[in-house]
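Here are a few notes to read alongside the structure. Have a look at it first, then work through the points.

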Amino acid sequence: MNRQTADHATLADRFNENEPRVDWHDQTLWWVRAKRDKMARSIPEWEQLRDTASAIKRNALGNLYEYLIQFEQQATQNGAIVHWAADAAEHNRIVTGILQQHGVRHLVKSKSMLTEECHLNPHLAANGIEVIDTDLGERIVQLAKEPPSHIVLPCIHKKKEEIGELFHEHLGTPAGNADPQFLTAAARQHLRKEFLQAKAAVTGVNFAVAETGEMVVCTNEGNADMGAHLADIHIACMGIEKIIPQRKHLGVFLRLLARSATGQPITTYSSHFRQPRAGQELHIVLVDNGRSRQLGREDFRNSLKCIRCGACMNTCPVYRRSGGHSYHTAVAGPIGAILAPNLDMKDYADLPFASTLCGSCSNVCPVKIDIHQQLYKWRQVLVKEGHTTASKTAGMKMMSGVLSAPRTYRAAGKMGRWVMRAFPGMVNNRLNPWYKQREMPAPPAQSFSQWYEKNKKS
Amino acid sequence: MSSREQILAAVKQHQPEASVLPSLEGLSGSMPGTLEAYRKVLEGLGGSLFEVKDEKEIPALLAEHYPHLQRIITIGSNERAWINEDPHLLENVDMAVVPGLWGVAENGAIWLTEQEVQVRVLPFICQHLAIVLPKSRILPTMHEAYEKIGAPQNGFGVFIAGPSKTADIEQSLVLGAHGAKSLVVFITEA
Ligand code: SF4
């Protein structure tokens, strides 16, 4: 599979070479985060909803065996064909097999992070099957021969001028036209043709209901529906953790998902696929690929509650300034940094360190995953297992020493502030990787804990 | 061992202790299930809303607000040949007028199923979409909606909230991605 070529820090450096773009990326994602806040505040029972969602997911994980069997039974009764894939390779083999059996050489696909995780597209290409990604953002990165950089906003790292260039080259739009309205209309025309020709459609799954055997797919564009309702074969690919117990639980998750993701009250389409339409084949591929292993890791199993809203990325100060590609894995950002080491500790040992542990991710997570705590726990596991470099190992030891002793923590901070004021060049130099391409802010004369001590008394 | 057995065995071995499901009581808070609340959210999503006495007023309103429509499909009219044709042929439908079952004030969504729309792709492939909803069918939140909908009665159902849209190009909102470019909701008295 794609071996790691460079670590997060190196890739983040590359992203940071273009400062105006980094600033734009940073500010745009923060704006999306602010929209999420506004939505959350407009719902008085928001926190209760998060607690409920987290508890439903906890129940789902605790009964996953029973729910998977129930789902399979219901789905089969509904007329779907259920497949089980132990890993990415088997998933890809199953999908390819279905397509080859029907002589399909051309298919449309709507957003599915699972198929990204499994590297389905290159596998199909190697078997002579052409995949057209139909989510606009995904189509853009596909034309650019890049992976998505964000699970909800796949081409958030691209500027409209670059997209105009790509469309000019591949879709024949006039050179120099970078108007979003115009480019979207061009993509609509281009992709309509694909929808009308495709014999098969692959979709992801947002929620699968054990009780009814149905799957819910959420999009704003309508691409999953255009694909699935026109094609003769619909293949829905899902991780086994997408199962929720009952239909009424959808109410909880659909209230949280889009509000957390983009600050919309709900996605334009929340489609409930239960039976294939007359004459259609519906295949469901249930994929493990490390999930059952993560379920057994007590410290990390909560990561399987994730509903892929992307809020933890939008709020993350590291993600916003390093870009999704720096995580060199399908799911970037804080949650990706917990999921990836489960797949390969060595290749992804750098990711849990790509965090300031500020906890902003855990604060926004709609299913209340303790994201930053899991990142900290991964660091300890990775150091213990010998997957980190010597400097990180030493840093970790010092970190835990300093953090566990408040006296040392305060002394270290005091000294740091003094050094910064006295010799700014000593901190902002080429040897300190944190300050590459960054101007040091003026250090405060008073630290937060000094301020707090002083004001506590008054 | 098949992959199925292998996965299920690993899940069974690793799944944490079972916990009880939480109650969904009290989650809707005091959200209003009114037409005013619904209208505000729908318009925020880029949809438009008209109140009509009954469905007979719809054609005139469509003619006034969408003067260039060529092919209109209205569910419930006598023109039914399209139902048995290849769904790909619906590509040139300019406007589809379909009945909705439940509206949700908190998010503007309307629930429809394949029983009402007849052909699943119709509300997605049409260039513009109109949904007809009786006023009494507006509910406050998704919780009431799922309560009313109950168990699935057919193979496909969908909540539609506003026109199809994307913001993938630099986060600029554009209406009309792959589905209907506009949505108009007709609220009937009933
Ligand atoms: S971890 Fe939480 S915030 Fe992050 S994508 Fe998953 S559900 Fe959203």
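How many bridges join strand 3 of chain B to strand 6 of chain B?

1. Five bridges do, linking residues 95-99 with residues 128-134, and the two strands run parallel. Strands here are DSSP E runs of at least two residues, helices are H or I runs of at least four, and both are numbered from the N terminus. Within this pair, Val98(B) sits opposite Ile131(B) of strand 6.

2. A quick word on the source: this is a predicted model, where local features need pLDDT of at least 70 and side-chain atom pairs count only at pLDDT 80 or more, while totals for chains, interfaces and linings use all residues. Residues are numbered from 1 along each chain as its sequence is written, chains are lettered from A and ligands numbered from 1 in the order in which they are written, and side-chain values use heavy atoms, leaving out hydrogens and water.

3. Chain B's open sheet has five strands in the order 1-11-6-3-2, with parallel pairing (two strands pair if DSSP finds at least two bridges between them). At its edges are strand 1 (48-52) and strand 2 (72-74) of chain B, each pairing on one side only. From one strand to the next, the twist averages 20 degrees.

4. Now chain A: six strands make an open, parallel sheet in the order 1-10-7-4-2-3. Strand 1 (81-85) and strand 3 (130-133) of chain A are the edges; each has a single partner strand, so one side of each is left without a neighbour in the sheet.

5. Strand 1 of chain A pairs with strand 10 (residues 281-287) of chain A over five bridges, in the parallel sense. Trp84(A) has Leu286(A) as its bridge partner in strand 10 of chain A.

6. Finally, the ligand. Residues surrounding the ligand (a heavy atom within 4 Å) include Cys306(A), Arg308(A), Cys365(A) and Ile371(A). By class, the shell has ten nonpolar, one polar and one charged residues (Ala, Val, Leu, Ile, Met, Phe, Trp, Tyr, Cys and Pro are nonpolar, Asp, Glu, Lys and Arg charged, and the others, Gly among them, polar).

Notes: Axes are lines fitted to C-alpha atoms, for helices over the stretch in contact, and angles run from 0 to 180 degrees between N-to-C directions.
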